[in-house]
Amino acid sequence: MSEEFDKLQHAAERLDIIRYARAIALLSPLKRHLLRLIPVFLHYHAPKLPGYNGPLTPSGVVDYHIDADTTDACETLEIDLSTAYTADTPLIEGVYSMGSTASFGQNPQSDVDVWLVHSDLLSKNQCELLASKAVLLSQWFAKFDFEVNIYLVHPDQFIKDQTDQVDPYNCIGHEHSGSAQHWLLLEEFYRSQFRLAGKPIAWWPNADNSSRLLSLGDASALPASEYFGASLWQLYKGVEKPHKALLKVLLLEAYASEYPHTRLVSERIWQRTLEGDFSSNNDAYYLLYESIESYLLGRGERRRLEIARRCFYLKCGVKLSQSDQAVDWRYYKMKKLVSSWNWSESLLKTLDNCENWHCGQLQWFNEQLNELMLGCYRTLLQFASTHRLSQSLRISELGLLTRKLHTYFSEDAQQIMRLNSLWSRSILEPYLSVLYSEQDGHYYLYRCSPEPRNFLEHSSVFHSKSKAKLLVWACLNGVADDKTRWFELRQSKRKSIYLTHAANRLDGLIVNESVKVPKMALYQPWHFRKLVFLLNFNNDPTERWAGQDIMVDYMNSNVFSIGRRRQNMVDSIDVISLNSWGEWHCHHFEGEKSILDALSFVTPGMKRASAKVSVEVISCSSKLRSQTERTVKDLLYRAVRLSRQAQSSTTLGYALQVGRLRYGLFFNNRGMHYENLSDAKSFYQQLSQRKLLELPRPTLGDEPFSKLPAVIQDYAAKGAIQYFLRQRKQGLDVFILDEMNELNHYVQEGIDVNALVNQLSHYHTFEDPQLTRENFNLPQFFKLDRVKGVLTAVPFGVTLEAQEVDF
């Protein structure tokens, strides 16, 4: 028995040594030193060493000894260990690298993910100190452009049942994978890990327990319910690194297709290791690709396979078309693979030039990745629908993930999607041209100046029915800045000047960077964080106006109804908004009543905001520019002020002349609506004399909102399904507002709040008839509770600690 055990351990150690050597071979000399220093800073602890955060932080790695290469690294980076503290009893079981490091997937931009497995004797406070030190170490390594992410892992984390976790304060569940991705994360660790210091990992199938080894659990028994949660997390990670996430989601799909007899990549690696295969064929990332290829070929899906191949090639970073490419241990294997794929030289050069891709190439590749990831998600959703939803995927977590994915994968025509820059260093363009097609009513954006021959060489990079959306998309994605010159084809030179002027004004307001969104914001109804009104961008009535700006100021005229002809000088309005969910939208309003429709649209989202909404108005008028900007901004502030003053029992009214008609603007706790006052003489006279009128809330008759608690009216937000649940003696009060704010109400008997939320979440996730489309817009759940006598809506499943964490 001992001889067999030694044989297995010897094979594992040999693979471990080879992986370490491969990782070192792919790093620069400086980064080799830095990799060797990771366990040094965890073993030793001293005020002069990086990561020091006080004398009580646990330290000491089991069986760790410095070798000559590590001593050289310390000398090179001037690390003095002479006064360093070494713990009498080591409190760290081991330090391991996992992920793409040491594999085909390691490229010059790859980060290093490190698992720090600590002793099970550590207290919560000690874990927090160790986690704090890990953050400080990551910051120190970042100074050398070396991204190191250190995750704390409890040795029993994957052994004990997830619902019975004895270690609620470990970091890995929240930072690295989410509670849902439990066994699959362990399997990824087993297939890719190598030891930096500490005990060897007993990762092979049926490994015996031994004090010499560290066993984290059995990864072979993957529960079916985990595939769905894991696919959600990979899609979420795909927002940042879609090419990497796509490969992992495809592997999940391949695993699910073999369930329950899934052959894991870690098992295939071990089989080849026992056979003495330590070549590049026995590489974790290559075998991941091989599993995907075998699965897709079996299904005859060559198009998906082609995109997967490109993702694999780009992730590896081996640039075969470049003569100065270093010939490392992966080179010849990659060359052989590419040859078997029959790629053309031009495709190879395009992929190798990925750092210089323009926005059109990025847009195309992003669309392909998103399409494939959503296809994987649908397949895994169908698989998961036949199994019980994983208990480890908390309802609150499910809601957050799907809300964030809805933000990214939404098919809303008004939403402006971010381009993932992938590998591109800059996609800024010096010239951009807009062309309107009368055939389909769309505006097309081209990355060139307006010479006719340019349009033979270029295809459009973006199109929309909204011209303003083209500007916002370019500014938001770093395609345009204040030096970019814009042109509008088949229009006057003045139109192009106005286009450039509008784009320059937008460039300072729409920042090309990710918006941080607290978790609490995703639990709540959305509200506006920023609003930009673009006036007369599509149609400018001031061009045909013969008056003078100075007379408008002198007469204090109303720009919505000027002169004897009562002309409205604001015809088109584009409302560009950033909401609390991190979404950018562009809504277009046109015609005589555009200002009324725009006000009605923005008022509820401004009213719900607890902080002041940033409001900017940009007029593209040829005349009356400052007057229209000032008037619209004042009207916006007045609208939000009145909507906040209005109570559930009262309605505030305000009169506004627009063109030849007088309108009443009515504000209550649901927002604003307007009515033509032409026939309401007495009412009209009161509004004319007093400007502002407070009315008793009219009898609402059969209107369903009349029976709603006021707090629900305050929370009502279009675009999301909302459940408000109140426990009463006669049963559970259930109020439902759908995406259009239509109300349903019923009383559910014989069930508590938690059970109902679980049932409804399962229904909307797996059984909703709308699952035929990509439906990430899962409901928001609120409990109606009295807090200090006031009925309050409390987001379901939210802890105080999680409320302000960025998601």
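Before the sheet, a term I need: two strands pair if DSSP finds at least two bridges between them. I also keep in mind that this is a predicted model.

**Entry 1, the sheet**

I looked up Leu732 and found it opposite Gln748 in β22. The strand β21 covers residues 731-737 and is joined to β22 by 6 bridges, with the two running antiparallel. Then I stepped back to the whole sheet. I noted an open sheet of 5 strands, in the order β22-β21-β20-β23-β24, and its pairing is mixed. Which strands sit at the edges? I wrote down β22 (743-748) and β24 (790-795), each of which pairs on one side only.

Next I went to helix α9 (residues 265-274) and helix α10 (residues 284-299). Their axes come within 10 Å and cross at roughly 120 degrees. So α9 counts as oblique to α10, because the perpendicular class runs from 65 to 115 degrees and the antiparallel one starts over 145. I have the crossing of α9 and α10 down as right-handed.

Who touches whom? From α9 I listed Val265, Arg268, Ile269 and Arg272, and they meet Ala284, Leu287, Leu288, Glu290 and Ser291 in α10. By class, I get 5 nonpolar, 1 polar and 3 charged residues in the contact of α9 with α10.

The hand of the α11 and α14 crossing is left.

On the α11 side I found Arg303, Arg304, Ile307, Arg310, Cys311 and Leu314. They meet Trp364, Phe365, Gln368, Leu369, Glu371, Leu372, Gly375 and Cys376 in α14. My tally for the contact of α11 with α14 reads 8 nonpolar, 2 polar and 4 charged residues.

Last stop: I looked for Arg14 and found it in helix α1 (residues 2-25). How does Arg14 count by accessibility? I have Arg14 as partly exposed, because its relative accessibility is 44%, and that class lies between 20% and 50%. I also looked up Arg14 against Thr273: they are 259 residues apart in sequence, yet 8.9 Å apart in space, C-alpha to C-alpha.

Technical notes. Residues are numbered from 1 along each chain as its sequence is written. This is a predicted model: local features need pLDDT of at least 70, side-chain atom pairs count only at pLDDT 80 or more; totals for chains, interfaces and linings use all residues. Side-chain values use heavy atoms; hydrogens and water are left out. Helices (H or I, at least four residues) and strands (E, at least two) are DSSP runs, numbered from the N terminus. Axes are lines fitted to C-alpha atoms, for helices over the stretch in contact, and angles run from 0 to 180 degrees between N-to-C directions. Angles under 35 degrees count as roughly parallel, over 145 as roughly antiparallel, 65 to 115 as roughly perpendicular and the rest as oblique. A crossing is left-handed if the near helix is turned anticlockwise from the far one by less than a right angle, and right-handed if clockwise. Contact means heavy atoms within 4.5 Å. Ala, Val, Leu, Ile, Met, Phe, Trp, Tyr, Cys and Pro count as nonpolar, Asp, Glu, Lys and Arg as charged, and the others, Gly among them, as polar. Buried means under 20% relative accessible area, exposed over 50%, partly exposed in between (1.4 Å probe, protein chains only).
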